[in-house]
Amino acid sequence: MWPLIKLLPKKTNVPFVSLARVFATLSILAVIATGVGAVWPGLNLGIDFKGGTVLEFNTGARSADLAKVRSAVSGLNLGDVQVQRFGADNDAVVRFQTPAGADAGVVATKVKGAIASALGQVSFLRTDVVGPEVSGELEWKGLAALFTAVGLMLIYIWFRFELQFGLGAVVALFHDLTLSFGLILLLRLEFSLNLVAALLTIIGYSMNDTVVVFDRLRENRRKYKRMPLRELIDLSVNETLSRTVITGLTALLALSGLAAFGGESLRPLSIVLLFGIVIGTYSSIYVASPIILLWGMRRDDEPARPIGPQPANARAIPKP
Amino acid sequence: MLALSRWKVILVLASAIFGLVFTLPNLLPPSVLEAAPSWLPHDKLSLGLDLRGGSYLLEEVDTNALNQERLTNLTEDVRARLRVAQIVFSDLTLAGQKVSVRITDPGHYDQAFKLLGNQIGEGLPGGGRDVNVRQTADQHIEISFVPQAARTAAEDAVTRSIEIIRKRIDALGATNPSITRQGANRIVIEAPGESDPERLKAVIGKTAKLTFQLVDTTLSADDMKAGRIPPDDEVLPSDDHYQEAYVLKRRAMVDGGMLTNAAGSHDENGSPNIAFAFNGMGAQRFAEATSENVGKPFAIVLDKRVISAPVIRGAIPGGSGEITGNFTEESSHDLALILKSGALPAPLHVVEQHTVGAELGADAVKAGQLSILIGAALIFTFILLAYGLFGGFAAMALAINGLMIVGVMSLFHATLTLPGVAGLVLTLAVAVDANVLIYERMRDEVRGGRPAMSAADAGFRRALVTIIDANVTTVVAAVIMFNLGAGPVKGFALTLLIGVLTSVFTAVLITQVLIGWWFRAFKSKTLPIV
């Protein structure tokens, strides 16, 4: 039976709305858990936002003697220095904060010198230094970017749909952002600029998915004037279900390749994106639409005239 | 919509050819590319530093130090002007951001005020002078910089620093470094390749203020310890092996600004040193100073640290000499090139550094290629399995889309970064979404009772609004991301942005033309996806 799309039932009748209460509870619990997680254990800020230095080095044929590195670096009065193995035995990562008032670049050079003289032959694969001046700016810029993105989406939704749709979309958006954030907390991922980029992408995707469902909902509202809202929502979600599933699967497939083979530094980004796609899909079904149901939708003053391109031979309206 | 107007077909063919021609340089081996005729594009995708290896440095001009130095110079300037005019003064002090002086003779007060008002400070580009001169109580005159002056000075310092850094990096032999100004007081240096980042940092970051100062030999060690230092002396730490610090006359005999040449060299024992030569004025001053002080030691001072303190054996008339010190081959060579490039107007601090080794970059390129290939293969397989023939059409559109993205990026010299690779993968998935929306719409229309051709047509027409709607959100997110920040994330935003724009085009137009042809060729009464 090929193509596979023929296997999908022509018409699905999943009673999404009736399950909304259960999922809403789950969502609320997850959001609360994220809130707790944000306080404790809190966000694992990377050097982009916290400032500091990360050095990755390789010791060639020999395995890296981390104890030697620790004792060499401890003489430099840097406070808390983390020394960890990174993947292979001959690969290690050193992280530390720049002491207040010191030149971040100079301190990094000193530490590299200390490591090199302790271990002999080492090659530094990666050096990332972010001074406090820059990390402060990035923190502010990252937050500003997230808020601007959400704000612009609001304006867009406001233009595109009526208020109650907008509300649903916004709640879904915050839901997705919060839970993606929750995943970052749960996996103790280092919060970096890359992850802010991932969150921004998720905002875009979540919106995209919601808009597709809402577009159909709005269309169906005009088509089936007397259908109760619950059924209308179920119908619209069911009608867009195959698209939701196929698009979601495509994105998941592509990104799973990235997560598996894209290397260490892209892994957090791809994991958060993968999660964001799942959650974005879920939220357009279980968060955005139920909010509309909760809020109610004004339908009485809706003009009978269909808006937008309609075929001249409009189909007969089926009885609800 | 499926009626194939000529312009649609032309557009589709043109875009496919465009994508192919501009992507080709990235795929051909270098030898073939060189042999290709010159009218063909030769530009390749430029890889970000995280993929090709190299260093990104963000340096900040130390505006506090710059300001302090300007105030010190202002104080000395006031002293010199008043002395030349033979006006007696006292109480010349620098407090906070203000220089103040008391004119002893009330009869000279107005004259001194006029003199300072006319001669102190410098003109501003927008007109006016960069200092305020005010009369205050008890025959005092107060001088301070106008607020605008600090900004002008910082900008000027950045401009001069960029020139000097460029000289230094060029002398070091880095390949294609890019040095750009960022904001009011920052400089971005991007140096691709395997050059040692720490050496680069050291060469860039040295202020390199070189002075030759006499050692004050009249002071005993006890005086020095007790801190009984005359006001025109200063104590500077030393890097030679003889003394930890020296007491020096503040006034420099000669300074590095008068150097015309410096080069790494060797002394008679073969140890590395630096040979230097002064310009005419420097040579004259150096000759005078050395002939007056035979038998006394003088110190060669670099950035407030004594390199060495040789004893003057006799007058040095020619204006050339050697600096000895604790040098290695590399450090003498580097210091010579730094001295030759001149001193930075103010100290620079590294506020951000990202260095990726070439090896790691190559690994990242491999991983990136692999994940793009696997991602694309998975998408192609899935879409073919899901939609059959129409899936094949979508896959073709997707392939052309990929070519167009790479083509556009090569054409505009956009930089592909590691997160950009993720953006590329994501874009492929988003591109498929447009086709999914179209095909699902077609299926709806068929279910609604339309014949195949009309359903296909309506599918394209009615999905278009949704497609545009859905992509606007991604564009908004990408634009914000682009403004957010640093190189790699910018790369992600850029690929996403270019990808979304090309994907709407290819997914809608190319599949449309392909399906149109298919209908014309096979006169099918059903859609293969229903």
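The contact between the chains takes 71 residues from chain B and 70 residues from chain A, where two residues are in contact if their C-beta atoms, placed from the backbone, lie within 7 Å. This is a predicted model, in which local features need pLDDT of at least 70 and side-chain atom pairs count only at pLDDT 80 or more, while totals for chains, interfaces and linings use all residues. Residues are numbered from 1 along each chain as its sequence is written, and chains are lettered from A and ligands numbered from 1 in the order in which they are written.

**Interface**

- Helix 11 of chain B supplies the largest share of the side of chain B that touches chain A, 19 residues; helices (H or I, at least four residues) and strands (E, at least two) are DSSP runs, numbered from the N terminus.
- That side of chain B has 41 nonpolar, 17 polar and 13 charged residues. Ala, Val, Leu, Ile, Met, Phe, Trp, Tyr, Cys and Pro count as nonpolar, Asp, Glu, Lys and Arg as charged, and the others, Gly among them, as polar.
- Strand 4 (residues 123-130) of chain A pairs with strand 17 of chain B in the antiparallel sense over five bridges; two strands pair if DSSP finds at least two bridges between them.
- Within this pairing, A:Arg126 has B:Val356 as its bridge partner in strand 17 of chain B.

**Nonpolar cores**

- The largest nonpolar core has 218 residues, and A:Leu200, A:Ile203, B:Val425 and B:Met481 have the most contacts inside it. Such a core is a set of buried Ala, Val, Leu, Ile, Met, Phe, Trp, Tyr and Cys residues joined through C-beta atoms within 7 Å.
- A residue is buried if 20 or more other C-beta atoms lie within 10 Å of its own, exposed if 12 or fewer, and partly exposed in between, with C-beta atoms placed from the backbone.
- Not counting residues up to four places away in sequence, B:Met481 touches A:Ala145, A:Ala197, A:Leu200, B:Val489, B:Phe492 and B:Ala493.
- A second, separate core of eleven residues includes B:Leu82, B:Val99, B:Val101 and B:Ile103.

**Strand 14 of chain B**

- Five of the five residues of strand 14 (residues 298-302) are buried, so the strand is largely enclosed by the rest of the structure.
- B:Phe298, B:Ile300 and B:Leu302 point one way from the strand, and B:Ala299 and B:Val301 the other way.
- Strand 9 (residues 210-215) of chain B pairs antiparallel with strand 14 over five bridges, and B:Thr211 has B:Val301 as its bridge partner.
- Strand 15 (residues 305-308) of chain B runs antiparallel to strand 14, joined by three bridges, with B:Ile300 opposite B:Ser308.
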